Amino acid sequence: MTDLSNTTWNRIYKFVTWLLRKNIRNPDTAEEDDIGPIEPAIYGESLIPQRKSQPLLMELRRYYRDYVAIPVDKRYRAFEVVEDIKNSLQKFVQDESKTNYTFGDIMPQGSSYEGLKVVEPNEFDLLLPLILKDSEWRSTEAAGSEYHAPGYVFIRKCISNTKTPYDDAIDNDVYLSPIEIKRKMQSIVQRAVKKLDFPNVQRVTLRESGPALTLEVIYDDDDYGSRKMFIDIVPSMNIRNKLFVAKRHPESDQYQNRTYHNIFNNLWRVSFSEKEKEIIREMDGERECRRTCLKILKTIQLKKGSSQLGMLSSYHLKTCMLHLNADKSIGSWHQDNLDDRFKDLLMKLIQFLKEEKMPSFSDRNIDLFSTYNTIQLQNIRDWLERKVRSDDKIIHGMLQLGNN
C-alpha cells in the first residue's frame with residue numbers, strides 16, 4: 001500500500017468531513033419546520049414502511065405546527081434587530097477610552113442560536129467577553145474544604161503587585177468578583193444603549209436581571225406589528241481556552257443583598273455553551289427529528305408554568321437530549337419515527353429522575369439536579385410516568401395539558 005503524505009490525508013479528511021456535514025439540516029431555515037405530513041401518508045409515499053396506527057406521530061406533528069414552530073420571517077426580523085444592537089454594542093466597547101476595559105468579540109448564545117427557540121423569537125443571549133491583560137490570570141476550581149462547587153471557579157491574578165484596570169473589581173485583594181465586573185459592565189452597557197438609534201426600534205431599556213444585564217427591546221415588524229424581545233448580556237471571559245460566565249452560584253447572595261463573607265459570591269461558572277451549540281446545530285440530518293423532539297418537550301415545559309415538568313429548566317431538557325443523542329443504541333431518528341424517539345426522550349428523562357442525578361453532558365462531575373430534593377424529583381417523575389405508562393392516549397393527554 002502506498003504511503004500518503006500528510007497533505008493528502010488532510011485533503012481526504014476535509015473531503016470526508018464535507019460529505020458527512022453537507023446533509024446537515026440548517027436550523028435557521030424553513031426546512032427546520034418541514035417535519036412531515038400531519039395526516040397519515042399513503043403507503044409508498046414515505047421513505048420507510050408505514051405502521052398501521054400513527055396517532056401519536058400525527059399528534060406530535062400537529063402540535064409542533066400549531067404551538068412550537070416560529071414562522072421563518074418572524075425569526076429573521078428578530079435576528080436582524082439583535083444583530084444591529086450587537087454590532088452597535090461591539091463598536092462601542094471596542095473603544096477602550098470609553099470603557100477602560102478590553103473586550104473581545106461578542107458571542108451569540110442560547111436557544112435562539114441553537115435552533116431551539118420555541119413559540120416566540122423573544123429571548124436572545126449575548127456573551128460580552130472581557131479580555132484580561134497586563135497580568136497573567138488563572139482559574140482555580142472551587143473544591144476547598146469549606147466549599148465544593150463543581151462547575152465553578154475562582155479567578156485571581158498570578159502576580160498580586162501588578163496593576164491592572166480590573167483591580168477595583170478584585171474582592172479581598174484575591175478574587176476577581178463577577179458581581180463587581182457585572183456592575184461596571186452595567187455602566188458601560190447603559191452608555192452604549194444611549195447611542196442606539198435604529199429606524200424600526202421604538203425603545204431599548206436596560207434592566208438588571210440576576211447575573212445578566214437585560215435589554216428590553218420594542219421593535220416594529222411589518223407583518224406582525226409591534227414586538228417585544230429581551231436580550232441578556234452576560235459578562236464572560238476566556239482563560240486558557242476555557243470560557244467562564246458571571247452567573248451566580250445557588251449558594252451565593254442575591255445581588256442586591258450581597259455580604260462580604262460569602263465565598264460563593266466570587267465564583268464564576270464554567271460555560272460549555274460553544275461546544276453544546278455546535279452539537280445541537282449539527283445533530284440533525286435531512287428528515288431527522290432530534291431538535292423537533294426537544295422543541296416539543298420544551299414547549300410543553302414552558303406551558304406547564306412552575307408545576308410538574310415546568311419545575312425543570314430548558315437546560316435540563318437540552319442536556320437530556322444531548323445524552324440521548326450520544327446513545328448509539330437508539331433507533332433511527334428519521335422524522336417518521338418522531339413518536340418513538342419522543343417516548344425515548346421522556347424515558348431518558350425519567351431515568352435521570354429515578355437516579356436523582358443528571359450529569360452535565362460536558363462534565364460528568366456536575367450534577368444538574370443538585371439543587372432539587374428527593375420529593376421534588378419524585379413528583380416530576382411520577383407525573384411523567386403516568387403519561388407514558390399506558391398507551392399513546394396518555395401522551396396525548398400530556399400534550400393537551402401543555403396547551404392549557
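Student: What makes the contact between arginine 25 and aspartate 284 a salt bridge?

Tutor: The N to O distance between their side chains is 3.6 Å. A salt bridge needs a side-chain nitrogen of Lys or Arg within 4 Å of a carboxyl oxygen of Asp or Glu. So the pair qualifies. This is a predicted model, where local features need pLDDT of at least 70, side-chain atom pairs count only at pLDDT 80 or more, and totals for chains, interfaces and linings use all residues. Residues are numbered from 1 along each chain as its sequence is written, and side-chain values use heavy atoms, leaving out hydrogens and water.

Student: Which parts of the chain does lysine 295 link with glutamate 32?

Tutor: Their side chains form a salt bridge at 2.9 Å, N to O. Lysine 295 is in helix H8, glutamate 32 in the loop between H1 and H2, 263 residues apart. Helices here are DSSP runs (H or I, at least four residues), numbered from the N terminus. Both lysine 295 and glutamate 32 are buried.

Student: Why is glutamate 385 called buried?

Tutor: Its relative accessibility is 17%. Buried means under 20% relative accessible area, with exposed over 50% and partly exposed in between (1.4 Å probe, protein chains only). So glutamate 385 counts as buried.

Student: What makes glutamate 385 and arginine 381 a salt bridge?

Tutor: Their closest N and O atoms are 3.9 Å apart. Both residues lie in helix H11, 4 residues apart, about one turn of the helix.

Student: Which residues do salt bridges with shared partners join into one network?

Tutor: Arg25, Glu32, Asp284, Glu288, Arg290, Arg291 and Lys295.

Key
Helix = DSSP H or I, 4+ residues; strand = E, 2+ residues; numbered from the N terminus.
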